[in-house]
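Welcome, and thanks for taking a look. Below is a short tour, grouped by topic, to read alongside the sequence and the 3D view.

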Amino acid sequence: MRILAVNTGSSSVKCWYGEADSGERVTEKWHAQGAIGSADDLADALPKAIEPLWKQIGGARELDAVAHRVVHAGAQYRQTTWLTKEVREAIDKNRELAPSHNGLVLAAITAMDRVLKDPSRQLAVFDTSFHKTLAPEAYVYPGPYEWFEQGIRRYGFHGISHAHASRRAAELMNRPLESLRMITCHLGNGCSLAAVKNGKSIDTTMGYTPADGLMMGSRCGSMDPGIIVQLMRRSEVSADRLDQIINKESGLKGISGVSGDMREIESAIAAGNERAKLAFDIYAHRLCRETGGMLAVLGGADALVFTGGVGENCPPLRERVAAQLAFLGLTLDSERNAHAVPDVDVSQSDSLVRTLVIHANEELEMAREAARLLSKSKTPN
């Protein structure tokens, strides 16, 4: 099975090609990345990024499937599925719940329609899918029950990344995934935690939208809803303006006034910038607090797993979290942590809880999902 995974982000599109056998084991053969600034860019950027692949495999007709990462398509679609007209309409309908993502992925899907000349070979892998195992007490919000009946509930996101990180961590530990309790920390521009028990998500920090939970690059994360009410009363701020503040002007960027990029925050701290230091301290504090919540839900943990750009590349953050969790018997190897090259265990040999750094590979997980769907059916019908 020949599979192309297309992972459309806010500033780039990642293209990954792999081949899967009948046992759904996937081997990477090629990958590339293209820069994008808007949905309009994808019409040119995506075909250009994958053009070298055609020389390797003999053209687009040789692909069995193209898998797209889709952040949100509501409650109806939460498992890997072919991109039928109805599925595309659901992605479009839920644009406002994932404003930074859904419009871009629809543009990528349209661009691939032109390349493939056969839309039936495209499928969607949903960020929300991994969290469909949450129990009602974890996904129903404590507002009026009518909210839940209207589809307002915790969905959770970054599921593709959490699934890969937990699977890979179990491999490194040489333990069955089904025997482990772990907290997976996806820390990038967007950030979320998942409590993974026996291979299944039982809680997560993101909610109805990707703005909930941890402090992020430019998103605020969990916040007293009364603040929103007061902002609306005092300044008559519009819903669109609030959306901009919550998603684009908060988090590391909003507190530091420097950037939402952790690398730039670290540089500013080294230069003596106090607001940058405050931003880092808040980020670390909220990460520790939410990690404690996941720990309580799990009733203990065998592993703490860091993935994503910040999770993989910020040793001081891992050190801060480990220090707060030392009461669990979790201890880091300082040298390994400082020079971690994923995938690696950075714990001391006698640590009771393992700390792992895993390279984020959503594309590999997407290809696995595509292989599973292909093994069931070659067509969406």
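Two strands pair if DSSP finds at least two bridges between them. Helices (H or I, at least four residues) and strands (E, at least two) are DSSP runs, numbered from the N terminus. This is a predicted model, in which local features need pLDDT of at least 70 and side-chain atom pairs count only at pLDDT 80 or more, while totals for chains, interfaces and linings use all residues. Residues are numbered from 1 along each chain as its sequence is written, and side-chain values use heavy atoms, with hydrogens and water left out.

**The sheet**

- Six strands make up an open sheet with mixed pairing, in the order E3-E2-E1-E4-E6-E5.
- Strand E3 (26–35) and strand E5 (81–82) are at the edges; each has a single partner strand, so one side of each lacks a neighbour in the sheet.
- E1 and E4 run in the parallel sense and are paired over four bridges; Ile3 has Ala65 in E4 as its bridge partner.
- Helix H3 (residues 102–116) packs on the sheet, where it touches E1, E4 and strand E6 (122–126). Contact here means heavy atoms within 4.5 Å.
- The direction of H3 makes about 170° with that of E4. For such angles, axes are lines fitted to C-alpha atoms, for helices over the stretch in contact, and the angles run from 0 to 180 degrees between N-to-C directions.

**Salt bridges**

- Side chains of opposite charge can pair when their charged atoms come close.
- The structure contains 24 salt bridges, each being a side-chain nitrogen of Lys or Arg within 4 Å of a carboxyl oxygen of Asp or Glu.
- Glu62 and Arg2 form one through their side chains (3.8 Å, N to O). This pair links distant parts of the chain, 60 residues apart: Glu62 is in the loop between helix H1 (42–57) and strand E4 (65–70), and Arg2 is in strand E1 (residues 2–8).
- Arg2, Glu19, Arg61 and Glu62 are joined in a network of salt bridges.
- Arg372 and Glu369 also meet in a salt bridge (2.3 Å, N to O); both lie in helix H15 (residues 362–376), three residues apart, about one turn of the helix.
- Asp261 and Arg263 form another (2.7 Å, N to O).

**Buried or exposed**

- Buried means under 20% relative accessible area, exposed over 50%, and partly exposed in between (1.4 Å probe, protein chains only).
- Arg263 is exposed at 62% relative accessibility, whereas Asp261 is partly exposed at 22%.
- Glu62, at 32%, is partly exposed, and Arg2, at 27%, is partly exposed.
- Ser166 lies in helix H6 (residues 159–173) and is buried, with a relative accessible area of 1%.
- Leaving aside neighbours within four places in sequence, Ser166 is in contact with Phe130, Leu177, Met182, Thr184 and Val196.

**The largest pocket**

- A pocket is an open set of points on a 1 Å grid over the protein atoms alone, where a 1.4 Å probe fits, with protein on both sides within 12 Å along at least five of seven lines; lining residues have an atom within 4 Å of a point.
- The largest pocket has a volume of about 1,400 Å³, a volume being the space filled by probe spheres set on the points, with grid points joined across faces, edges and corners.
- Its lining has 50 residues, and the closest to the centre are Ser10, Lys14, Gly188, Asn189 and Gly190.
- H12 gives the most to this lining, with five residues.
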